[in-house]
Amino acid sequence: MKAVRPKKSLGQHFLKDLQIAQQIAATVSPYDGIPVLEVGPGMGVLTQFLLQNKANLSVVELDWESISYLLKHYPELKDKIIADDFLTLDLDKLFADKFCVIGNYPYNISTQIFFKILDFREKVCFCSGMIQKEVAERIASKPGKKAYGIISVLLQAWYDIEYLFTVDAKVFDPPPKVQSAVVQLTRNNRTSLGCDERFFKIVVKTAFNQRRKTMRNSLQPLLGKGAPIFSLPVFALRPEQLSVEEFVELTNLVKENMPKQQ
C-alpha cells in the first residue's frame, strides 16, 4: 500500500525522523498502565514506538486514508482506532479515569487541542507532542517574557510545562514553513484556583487584549474608568509581569470591586 498523501486541509506534516518519534513516545513511559490517546497518528511513525513500549493505546484519526494505512500496517489497532475529530470527542465517554494524550498535532488546530486538554484536566494527567515552535514557546513561557500570554497563564494554572527540544522543518513531509518543538504538560497538584474560574479567564483575556498597556488601562472595561483600586501597585504592571498566582489574587480583587449593577 502506498504512503498516505499529506493533506493541507488537515494540517498534515508527517514526521520522518524515527529517532525524534522514539523520543516523543518515551515521554509517556513514566505513566505505564495508564491509557494513552494518540491524536492524528497519520502513518504511525509515533504509533509504532508507543506499541513497542506496550502502551495501552487508542488513536483518534479523521483521515480515512490514514485509517486504512494504520489498519493494514498495525492490525493490533483494529479496535483501537477512533474515526473522529479530536476536538468534538466526548473524552468522558471514552475514559472513565486518568489518561495521557500524545501526538504530532495538526498545526492548524494545536491551540484548540490544548484548550480541549484544559477542559478535561481532571482526567488528562499528562500530555506531550509536537507543535509549532511559536505555540510551544507561548505555552511554556514564564512571566516577563514576550511570549507569555493568555494560553501561558490558563495552562500553567493546571499543568507544569516543559519545552523539551526544537525540531527542524526538514524532518517532515512536506516540510512546514515554521520550526517545530516538542513540549510536555504534567498535571500539577492544584485542585482549585482559589477564585471564580470563569471570571479568572475573563480577567486574563481582558488584561492581555491590551498587553502593552498597564493593568490600570486594560482592566477599565471591567472596573470602569478611575476605579479607586487602580491606585494599588499591581495596576501599574503590564499583564506579562504577573504570575498565575498573582492573576488569581487579581481576579478576587477585581470581582470584589466590580461596579454594582444598576
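With which residue does Arg138 form a salt bridge? The partner is Glu134, and the closest N and O atoms of the pair are 3.6 Å apart. This comes from a predicted model. Both residues sit in helix H6, which covers residues 133-140. They are four residues apart, about one turn of that helix. Their surroundings can be compared by accessibility. Arg138 has 27% relative accessibility and therefore counts as partly exposed. Glu134 has a relative accessible area of 54%, so this residue is exposed.

Now step back to the whole chain. The protein chain has 262 residues, of which 50% count as buried. Its secondary structure comprises 11 helices and nine strands. The C-alpha trace spans about 70 × 40 × 35 Å along its principal axes. Contacts also say something about the fold. Take those between residues at least 6 apart in sequence: 68% of them join residues at least 24 apart.

Return to the salt bridges. A search of the whole structure finds eight of them. Four residues, Arg121, Glu122, Arg187 and Glu197, are linked in a network of such bridges. One of its bridges goes to Glu122, with the closest N and O atoms 3.8 Å apart. Another goes to Glu197, where the closest N and O atoms are 2.7 Å apart. What does the bridge between Arg121 and Glu197 tie together? Arg121 lies in the loop between helix H5 (110-119) and strand E6 (124-132). Glu197 lies in helix H8. The pair therefore joins parts that are 76 residues apart in sequence.

Is Arg121 buried or exposed? Its relative accessibility is 13%, and the cut-off for buried is under 20%, so Arg121 counts as buried. Glu197 has a relative accessible area of 25%, which means that this residue is partly exposed.

The Arg121 and Glu197 pair leads on to a cavity. The structure holds one cavity of 30 Å³ or more. The largest cavity has a volume of about 40 Å³. Which residues line it? They are Leu118, Arg121, Leu154, Trp158, Glu197, Phe200 and Lys201. By class, the lining has four nonpolar residues and three charged ones, with no polar residues. Helix H8, residues 197-208, supplies the largest share of the lining, three residues.

Last, look at the cysteines. How many disulfides does a search of the whole structure find? The search finds zero. Cys100 is an example of a cysteine in no disulfide. The nearest cysteine sulfur belongs to Cys125 and is 4.0 Å away. Cys100 has 0% relative accessibility and so counts as buried. Cys195 has a relative accessible area of 16%, so this cysteine is buried as well.

Methods. Residues numbered from 1 in each chain as written. Predicted model: local features only at pLDDT ≥ 70, side-chain atom pairs only at ≥ 80, totals over all residues. Heavy atoms only, no water. 1 Å grid on protein atoms, 1.4 Å probe; cavity = no way out; pocket = protein on both sides within 12 Å on 5 of 7 lines; lining within 4 Å. Points joined across faces, edges and corners; volume = space filled by probe spheres on them. Helix = DSSP H or I, 4+ residues; strand = E, 2+ residues; numbered from the N terminus. Nonpolar A, V, L, I, M, F, W, Y, C, P; charged D, E, K, R; others polar. Disulfide = S-S within 2.5 Å. Buried < 20%, exposed > 50% of the residue type's maximum accessible area, 1.4 Å probe, protein only. Salt bridge = Lys/Arg side-chain N within 4 Å of Asp/Glu carboxyl O. Contact = heavy atoms within 4.5 Å.
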